[in-house]
Amino acid sequence: MKTILTGLRPTGNLHLGHYFGAGINYLKLQDEYDFYLEIADVQALTDNFDNPEKVRKNVFEITKDLLAIGLDPNKVHFFIQSKIPQIAELTVFYSNLVTVARLQRNPTVKNEIAQKKDLFGNNGESITYGFLGYPVSQAADITAFDGEVVPVGDDQLPLLEQCREIVRKFNSIYGETLKEPNQVLSNTTRVKGLDGNEKMGKSLGNAIYLVDDKETITKKIMGALTDTNKIKKDDPANPNVCMVYYYHKLVNSKENVETVCNECQKGSRGCVQCKKELIEAMNKFLEPIQERRNTYSDEKVKEILENGTTKALEKATSQLQKVKQAMKIDY
Ligand code: TRP
Ligand code: SF4
C-alpha cells in the first residue's frame, strides 16, 4: 500500500467546502492507501501564535469533524503535528536547502502574507521567520512519512512544488534518501459561499459548517443570495445566479432540483418556500454527520489521536534515522 499524507490546520470547524472539496475524496482514499492525517497545530500557530487556545480547541474539533464525515480511525492514522518532534528536526535540516528569496516568491505564501496585513504589515514587512518558513516545515510533514501521494487543494500546489525541490536538493547532496511526492491529487470541487463568493471560507463569514444546528442553518439560508432581479413571489427568475438553487444541487435529490429549477424559471415558486425546502434538505444532509459526531466522546477522540500518534512516531523515527545517516550526523 502506498502512503498518503495530508494535513489540516486546526483553526476552525469543517464546512461544506471542506466536505465536498476534500472530505469525500478522503473517504475513498482511506480504503486505498496507508493514510496519515496530520492535525497541523504547529503550522496553525505560525499565524495564530497569539491565540493558542483557539488552536488547541480546534485540534479536537477538527478531528471530530473528520470522524463525523465517516473517516475510520482503524484505517486513518490521525495525529497531532506537535507530538512528532522529528518533523521539527527535519525542518531545521531542510532549512539549509531553501533560499529566503525562494520562500518569498512562493505564490501561496505571498497570497497569505497579503491577506494577513494585521499580522505581517501592509507590505509584509513584519513577516515572521516561522511563517515564511512554513513550506519547509510542510516538506518535513510529507517526507517524515514518506508521503508519496498528497491530496490537497490547488492553492497548495506551490507548497508541493517546494517540497519536491527540497527533496531533489537533499538527494543530490546527501544521496538518494527521500521520495518525491509525485502524485498530487488536487481537490476538484470548490464550493461557493452563501454570499455568492467563489470560495466558502471561515474568514469570509459565508460558510455552512457541518456542526451548524437547525436554527443556525435557518438563519444562514434565509439570508443567502438569490436572484436579485426577482422582486415578487411569482416573478420568473434565473436559478443559476441563486445560491439557494446552488445548494439545492449539492444536497437535494435530482428530482427536487429539477422541480426547483423549472418552477423558478416559470415563476411558480417563491423564494421563501424555496429556502424552507433547502433548509429541510440541508438538515437532512447534516443529520447523519452530526449523529455520527455525537457517538465520539472527547475521551474517544483523545484515544484515537494517541493511537495515530504512536503509529506516526514509528514511521517518523525511522525516516529521521535515514536522514541523519545520509547527513552524517548519526552519532
Ligand atoms: N498547508 C495546509 C493547509 O493550509 C495544511 C498542511 C499542513 C498540509 N501540512 C500538510 C497539507 C502536509 C498537505 C501536506 O491546508
Ligand atoms: Fe433562488 Fe428559489 Fe428564489 Fe429561484 S425561487 S431565485 S431558485 S430562491
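# Reading a predicted model: burial, cores and contacts

User: What makes helix H9 (residues 134-143) mostly covered?

Analyst: In this predicted model, ten of the ten residues of helix H9 are buried. Buried means under 20% relative accessible area. The buried residues of H9 include Tyr-134, Gln-138, Ala-139, Asp-141 and Thr-143.

User: Which residues are closest to ligand 1?

Analyst: Ligand 1 is surrounded by 13 residues, and the closest are Arg-9, Gln-43, Gln-138, Asp-141 and Gln-156. Gln-138 and Asp-141 are also among the buried residues of H9.

User: How do you know that the side chain of Gln-138 makes a polar contact with ligand 1?

Analyst: A polar contact is a pair of N or O atoms within 3.5 Å. A nitrogen atom of ligand 1 is 2.8 Å from an N or O atom in the side chain of Gln-138, so the pair meets the cut-off. For Asp-141, the distance from a ligand nitrogen to a side-chain N or O atom is 2.8 Å, and for Gln-156 it is 2.9 Å. These pairs are therefore polar contacts by the cut-off of 3.5 Å.

User: Why is strand E3 (residues 76-80) called largely enclosed?

Analyst: Five of the five residues of E3 are buried, so the strand is largely enclosed by the rest of the structure. Both faces are covered. Val-76, Phe-78 and Ile-80 are buried on one side, and His-77 and Phe-79 are buried on the other. In a regular strand the side chains alternate between the two faces of the sheet.

User: How do you know that strand E2 (residues 34-39) pairs with E3?

Analyst: Two strands pair if there are at least two bridges between them. E2 and E3 have five bridges, in the parallel sense, so they count as paired. Within this pairing, His-77 of E3 is the bridge partner of Tyr-36.

User: Which residues have the most contacts inside the largest nonpolar core?

Analyst: This core has 56 residues, and those with the most contacts inside it are Leu-16, Leu-37, Leu-66, Phe-78, Tyr-247, Met-282 and Phe-285. Helix H14 (residues 271-294) gives the most to the core, with eight residues.

User: Why is this core said to lie between domain 1 and domain 2?

Analyst: Domain 1 (3-192 + 298-326) and domain 2 (214-292) both give residues to the core, so it lies between them. The residues touched by Leu-16 include Val-191, Tyr-247, Met-282 and Phe-285. Another core, of 38 residues, lies apart from the largest one, and Leu-5, Val-109, Tyr-134 and Ala-139 are among its residues. In soluble globular proteins, nonpolar side chains tend to be buried together.

User: How far apart are the centres of domain 1 and domain 2?

Analyst: Taken over C-alpha atoms, the centres are separated by 36 Å. The contact between the domains takes ten residues from domain 1 and eight residues from domain 2.

User: Leu-286 is in helix H14. What makes Leu-286 buried?

Analyst: Its relative accessible area is 1%, so Leu-286 is buried, as that is under 20%. Leu-286 touches Tyr-209, Leu-210, Asp-212 and Ile-217, leaving out residues up to four places away in sequence.

User: Asn-206 is in the loop between strand E5 (183-186) and helix H11 (214-222). How do you know that its side chain makes a polar contact with Asp-195?

Analyst: The side chains of Asn-206 and Asp-195 are joined by a polar contact of 3.0 Å, and the cut-off is within 3.5 Å. Asn-206 has a relative accessible area of 1%, so it is buried. Besides Asp-195, the residues that Asn-206 touches include Gly-193, Leu-194 and Met-200.

Definitions and conventions: Residues numbered from 1 in each chain as written. Chains lettered and ligands numbered in written order. Predicted model: local features only at pLDDT ≥ 70, side-chain atom pairs only at ≥ 80, totals over all residues. Heavy atoms only, no water. Core = buried A, V, L, I, M, F, W, Y, C linked by side-chain atoms within 4.5 Å. Buried < 20%, exposed > 50% of the residue type's maximum accessible area, 1.4 Å probe, protein only. Helix = DSSP H or I, 4+ residues; strand = E, 2+ residues; numbered from the N terminus. Domains from an automatic or database assignment. Contact = heavy atoms within 4.5 Å. Near = heavy atom within 4 Å. Polar contact = N/O pair within 3.5 Å; in protein donor to acceptor, adjacent residues only side chain to side chain.
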